[in-house]
Amino acid sequence: HVYLTTYGTLRNDVLGSAMSEDRKNGFDLVIADEIQYVKNASSKRSQALRRLSVSRKWGLSGTPMENTPEDIVSVFRFLRPGLLREHDTPHQLRAKMAPYFLRRRKKDVLPDLPPKKRQPRWLELDADQRRAYQEWERRLRGQYMSRRRSGEGFSRVHVFAAIQKFKQICNFAPGKQTSPKTTELHEIVDEVATSGNKVIVFSQYVDEGIGKLEGLLEPYGVAKIVGGQGRSKREREIARFRTDEDTHVLVATVKSGGVGLTLTEASYVVHFDHWWNPAVKWQAEDRVHRPGQEASAVNIYEFWVEDTIDERIYEILERKQHLFEDIIDSQSVEGIESLLSEDDYLQILGLESA
């Protein structure tokens, strides 16, 4: 009477010839766990799920949507077809969803979890980083003025590309393997490993993040999770971090290691750099802040660099913190980026708006 299956198998059976039309219409209830995996309406697994004719449908997720209305609309194409429309405003989406949406925040249902102790660490660029940073500032300012004079404008695409370059320099000077961040990280990891504990280090970059950190931290025993790993490789790395007493560090990208894992063996988290959307950061660190965490506190270190875009990003995020939390607590249907104006983006880059 009960079928347990994966989205991949369902896709193959429904879109292939393995499942008859009678069977597709023969289910009384479908429970779609981790429903964020069908947020892309054009994906084969999403299409397969919608092919099932079912009177009762539930979607479960412990992971926030990616904060866009399109994600919610796509999920409800399965759960309640026709209820939501792409042109609905966020307010309309929330109102329409309300009768069918139940949310329980962690603080409501897990009051006994240990507190998070967030510790920002402010660092300075070294001489090589400062030279590279100033050179990119000059080049960016020249590009910006040139595009303004020509009337082309400076789009968000240009802004985000520039932000990424500056953030990578804040990690490492071009061609360098160490930086003030790695010095600070080494001290933290050494203390954690010496005390017999484990730590997860998150970065949004592979080449200018995880790739260099893996070698630096090798003496402490390192497991790694990045995009492109096969399932068996990923599972071996996770198992080694969980069970090997000599493996004290897991290095992971926030996208690859920030979803679908419980890693309560660690009670320390380091954000080597920061994803623009703070919800992604919170979600990543919650890999250790889950049921089963026995430490008295979860220690979270955040690396920020003074007198750079890091400092300006930090200030804007602090200023708009309550707005971010309000969006996330109201079904995550608005893009956080929409809360930032063009002036905010230009301020981050140290540029003036027209």
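Reader: Which residues of helix H3 (residues 44-51) are buried, and what does "buried" mean?
Author: Ser46, Ala48 and Leu49 are the buried residues of H3. Buried means under 20% relative accessible area, exposed means over 50%, and partly exposed is in between (1.4 Å probe, protein chains only). A helix here is a DSSP run of H or I with at least four residues, a strand is a run of E with at least two, and both are numbered from the N terminus. The model is predicted, so local features need pLDDT of at least 70 and side-chain atom pairs count only at pLDDT 80 or more, while totals for chains, interfaces and linings use all residues. Residues are numbered from 1 along each chain as its sequence is written, and side-chain values use heavy atoms, with hydrogens and water left out.

Reader: What makes Tyr3 and Phe27 an edge-to-face pair?
Author: Rings of Phe, Tyr and Trp (its six-membered ring) pair if their centres lie within 6.5 Å; planes under 30 degrees apart count as stacked, over 60 as edge-to-face and the rest as tilted. By this rule there are 7 aromatic pairs. The centres of Tyr3 and Phe27 are 5.7 Å apart and the planes stand at 85 degrees, so this pair is edge-to-face.

Reader: Why is Tyr3 called exposed and Phe27 buried?
Author: Tyr3 has a relative accessible area of 58%, so it counts as exposed. Phe27 has 17%, so it counts as buried.

Reader: Why is the pair of Trp122 and Trp304 called stacked?
Author: Their planes are 25 degrees apart, with 6.1 Å centre to centre. Trp122 lies in strand S3 (residues 116-123) and Trp304 in strand S8 (residues 298-305), so the pair ties together parts that are 182 residues apart in sequence. Trp122 is partly exposed at 31% relative accessibility, whereas Trp304 is buried at 2%. Ring pairs also link Trp122, Trp304 and Tyr314 into a cluster.

Reader: How do you know that Lys181 lies over the face of Phe272?
Author: A charge sits over a ring if NZ of Lys or CZ of Arg is within 6 Å of the ring centre and within 35 degrees of the ring normal. Lys181 meets this rule, at 5.3 Å from the ring centre of Phe272.
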